[in-house]
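My entries follow the order in which I went through them.

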Amino acid sequence: MTIRQNLIAGEWVGSNGSENINPSDTKDVVGIYAQATTDDTRQAIAAAKAAFPAWSRSGILERHAILRKTSDEILARKQELGELLSREEGKILAEGIGEVTRAAQIFDFFAGEALRLAGEVLPSARPGIGVEITREPLGVIGIITPWNFPIAIPAWKIAPALCYGNTVVFKPAELVPGCSWAIVDILHRAGLPKGVLNLVMGPGSVVGQTMLDSPDLAGITFTGSTGTGKRVAAASIEHNRKFQLEMGGKNPMVVLDDADLKVAVEAAANSGFFSTGQRCTASSRLIVTEGIHDRFVDALTEKLKTIQVGHALKPETHVGPVVDARQLKQDTDYIDIGVKEGAKLAFGGERVERDTPGFFLQPTLFTEATNAMRISREEIFGPVVSVIRVKNYDEALAMANDTPFGLSAGIATTSLKYATHFKRNSEAGMVMVNLPTAGVDFHVPFGGRKASSFGPREQGKYAAEFFTVVKTAYTQA
Ligand code: NDP
């Protein structure tokens, strides 16, 4: 099998590779991907630094054309790239193709943003003086991404970084290098000058750590676990560097007595179990008022009985495998913890055998959980959801906010009063009414509060806040 290499200073390099394994079928090797060393990573950073002056002054038409071409190719290859994504990460094909389409939309959006770069001209407080406010690129941006969105997260970091004139050193998660390699290849062929985008695949402890330790990165944008996020923050403060973190969630979905039961069940099933629950916006706490509690639990349990767990590429599958053995162990450990804590295992909880060797787990529902239990406070990152019974809306809102995290929060209700109050009083960065907590648009801000996020929002025009720095220039004519 050919080794997919790293891209450093415009050259494909690297001879030692690591296998990318399909979690639906561990006998299926998706590809072999090069492992960057500390030296490779330093060279990539040096290449990005050398490329910055020219790229930061490049014309907007050049940036527009490259991003646009990239979007077109991703979209034209959405079936093939969707299959690659589903093979390496395990989400079902429809979700894989959906994510690839979203990546194409993101590149298209930022192709447009390149043509809309603007500043402000204001009169000074002092007569005869003009003030110009402009946005300039930061410099070399380090991009570190997780495994759960192998193409969308790289896209929503790389596209704005390049659009605003930065150069990039990109380290994808080791578990899923395939889609990252594919978009870097597309961008390279679309005409990016040498060194503007560098790909360094390999473990976080080597490649990621070398990036954190480098004084030459002007910014790091990171998505992943809270633990690694804290390391990014500490190293960035040390180097006086701008940083942006998107980390975990323990997203609540409140279901009120007046909810449309069907809407509530669909939203909860989607948020909690689709994409195998491996979304930072997944809802893993269902906070349900007494009057609807039993009907809701019954209807959700019936729904779970219809969910087919299996190989991500099989058309009948609704939920694919867990991403790897380590994550599966984390999920089953939390199921044991939930049982020991006294929650009632209402559905699932067991591993599932299929024709192929894979990491299949039943959708798992706990009831009679409390908000103090570990399964309600810690991010599990699998298809494991708890139902917590509450008396009324006020208790539900207080419990929804009683979490260290604050990424996404949902409410199922037909009451305008409660929907409006929840939107205003939820301590989450994103609020969903009668919708799953997961599933967001590409052109509007994405991000959370508290331990979920740090720094400016990602996506849409708000991305400019992180990927540019503001300059204020005064001129006396
Ligand atoms: P990590 O935080 O370990 O990984 C995220 C990225 O950081 C990966 O590219 C990883 O590299 C890299 N990394 C790891 N160590 C370092 C380091 N010392 N310096 C720089 N970069 C580093 O998350 P995991 O992927 O291991 O997932 C663990 C848990 O994180 C999950 O179970 C889940 O709870 C949570 N998570 C949350 C996500 C979210 O979107 N909120 C997304 C993914 C995970 P590599 O993996 O290649 O070694």
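Entry on the pocket. I was working with a predicted model, and I began with the largest pocket, for which I noted a volume of about 1000 Å³. I found 37 residues in its lining, with W147, G224, S225, T228 and R326 nearest the centre. Looking up the elements behind this lining, I listed α7 (204-213), β11 (219-223), α8 (226-238) and α11 (325-341), each of which supplies at least two residues. By class I recorded 14 nonpolar, 15 polar and eight charged residues in the lining of the largest pocket.

Entry on the helix pair. I turned next to α7 and its packing with α1 (residues 38-56), and noted an angle of about 40° with the axes 9 Å apart. That angle makes α1 oblique to α7, and I recorded the crossing as right-handed.

Entry on the cavities. I counted four cavities of 30 Å³ or more. The largest cavity holds about 100 Å³ of space, and among its 15 lining residues G277, R279, A282, S284 and F381 are closest to the centre; β14 (283-289) and β17 (384-390) each supply at least two residues of that lining. For the second largest cavity I noted about 70 Å³ and a lining of 15 residues, with P252, A400, F405, G406 and A428 nearest the centre. I classed the lining of this second largest cavity as six nonpolar, six polar and three charged residues.

Key:
Residues numbered from 1 in each chain as written. Predicted model: local features only at pLDDT ≥ 70, side-chain atom pairs only at ≥ 80, totals over all residues. Heavy atoms only, no water. 1 Å grid on protein atoms, 1.4 Å probe; cavity = no way out; pocket = protein on both sides within 12 Å on 5 of 7 lines; lining within 4 Å. Points joined across faces, edges and corners; volume = space filled by probe spheres on them. Helix = DSSP H or I, 4+ residues; strand = E, 2+ residues; numbered from the N terminus. Nonpolar A, V, L, I, M, F, W, Y, C, P; charged D, E, K, R; others polar. Axes fitted to C-alpha atoms, helices over the stretch in contact; angles between N-to-C directions. Parallel < 35°, antiparallel > 145°, perpendicular 65-115°, else oblique. Left-handed = near helix turned anticlockwise from the far one by under 90°.
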